[in-house]
Amino acid sequence: MVKVREMDVEFCHHYARTLEAASGPAWRYDEAKPCGVNYNSILLAGLYDAHHRTFRDYRRETAEIVDMLDLKPSATVIDMGCGTGAFTIHAAAHYRTVHAVDVSRAMLRRTRRKARKAGLDNVQFHHGGFLTYEHESAPVDAIVTVAALHHLPDFWKLVGLYRLASMLKPGGRLYLFDVVFSFDIAHYEARIKHFVRAAGTEMGPSGQAESETHCRDEYSTCDWIMAGLLERAGFEITTTGRQNEFFTSYLCTKRSA
Ligand SMILES: C[S@@+](CC[C@H](N)C(=O)[O-])C[C@H]1O[C@@H](n2cnc3c(N)ncnc32)[C@H](O)[C@@H]1O
């Protein structure tokens, strides 16, 4: 018969505690597991900028967000779901500190490498996400999140937004851009086909495949749900920028308690 020693039991307890601390409660949505496009892939992270630069201008996007946020140079900002640093890298010139946060180590590594190359010393890197990032510094002036929230199902979006509100100073601002559907549901098939076709035209075959994966496996939501989530999480929507029936940005202010 195998003898169980007290130190073995102690070891098992310690192991279980370590596991729990590493992954959080078993009921929490596992935001580290990729849904849809796999941003944990080193290959995809390496190709991301070359692909996105064919249809995006990171510098111009950042300038527009910086204008909208209208913050002082002493401001601190979180870029949640920073990816390869599309916002972080250019925003660092405007603010005292940018906290770049992402669940993908591969994407975060690209941001770190670009920051090092650009000689930036005011970017802090954090591996985590909407549901797990613990902001240990002082509350920030603004949070920016671009094309990341759709990785969470709606209930967990609400939890994520509520957690973001807790990281902001009173009156702090949130800029959110994402795939948000605002078309008439009676025409969903035609509209989704149009969305996929347009992505193919703008971004080529990989863009088409990405948009199909997006609709099938990721969690883009409806405009009226997104507005409700933001309000219930503690934000007042100041400006809604509907780009078209698929993409919307929201500039919000944290409501005072
Ligand atoms: C389409 S990319 C957008 C990246 C960047 N914001 C940009 O504008 O290029 C989506 C990013 O969200 C990240 N992401 C996915 N789920 C997340 C979560 N729960 N919390 C934080 N980031 C997440 C992915 O790892 C990926 O880097």
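1. pLDDT is the predictor's confidence in each residue, on a scale from 0 to 100. The model under review is predicted, and its protein chain averages a pLDDT of 93, with 91% of the residues scoring at least 70.

2. Strand 1 (residues 76-80) has the highest mean pLDDT, 99, whereas helix 1 (residues 6-23) has the lowest, 55. Where pLDDT is low, predicted coordinates should not be read in detail.

3. Lys 33 is located in the loop between helix 1 and helix 2 (42-52). Lys 33 counts as partly exposed because its relative accessibility is 43%. Its C-alpha atom is separated by 12 Å from that of Asp 102, a residue 69 residues apart from Lys 33 along the chain.

4. The packing of helix 6 (residues 154-167) with helix 8 (residues 223-232) has an angle of about 35°, and the axes are 9 Å apart. The crossing of helix 6 past helix 8 is right-handed. On the helix 6 side the contact involves Asp 154, Lys 157, Leu 158 and Leu 161; on the helix 8 side it involves Ile 225, Leu 229, Leu 230 and Arg 232. By class, the residues of this contact comprise five nonpolar and three charged, with no polar ones.

5. The count of aromatic pairs comes to eleven. One of them joins Phe 155 and Trp 156 in an edge-to-face arrangement, at 4.9 Å centre to centre and with 75° between the planes.

6. Phe 181 is buried, with a relative accessible area of 12%. Phe 246 counts as buried because its relative accessibility is 5%; the cut-off for buried is under 20%.

7. Which residues form one aromatic cluster with Phe 181 and Phe 246? The cluster consists of Phe 177, Phe 181, Phe 183, Phe 195, Phe 246 and Phe 247.

Conventions. Residues numbered from 1 in each chain as written. Predicted model: local features only at pLDDT ≥ 70, side-chain atom pairs only at ≥ 80, totals over all residues. Heavy atoms only, no water. Axes fitted to C-alpha atoms, helices over the stretch in contact; angles between N-to-C directions. Helix = DSSP H or I, 4+ residues; strand = E, 2+ residues; numbered from the N terminus. Left-handed = near helix turned anticlockwise from the far one by under 90°. Contact = heavy atoms within 4.5 Å. Nonpolar A, V, L, I, M, F, W, Y, C, P; charged D, E, K, R; others polar. Phe/Tyr/Trp six-rings, centres within 6.5 Å; stacked < 30°, edge-to-face > 60°. Buried < 20%, exposed > 50% of the residue type's maximum accessible area, 1.4 Å probe, protein only.
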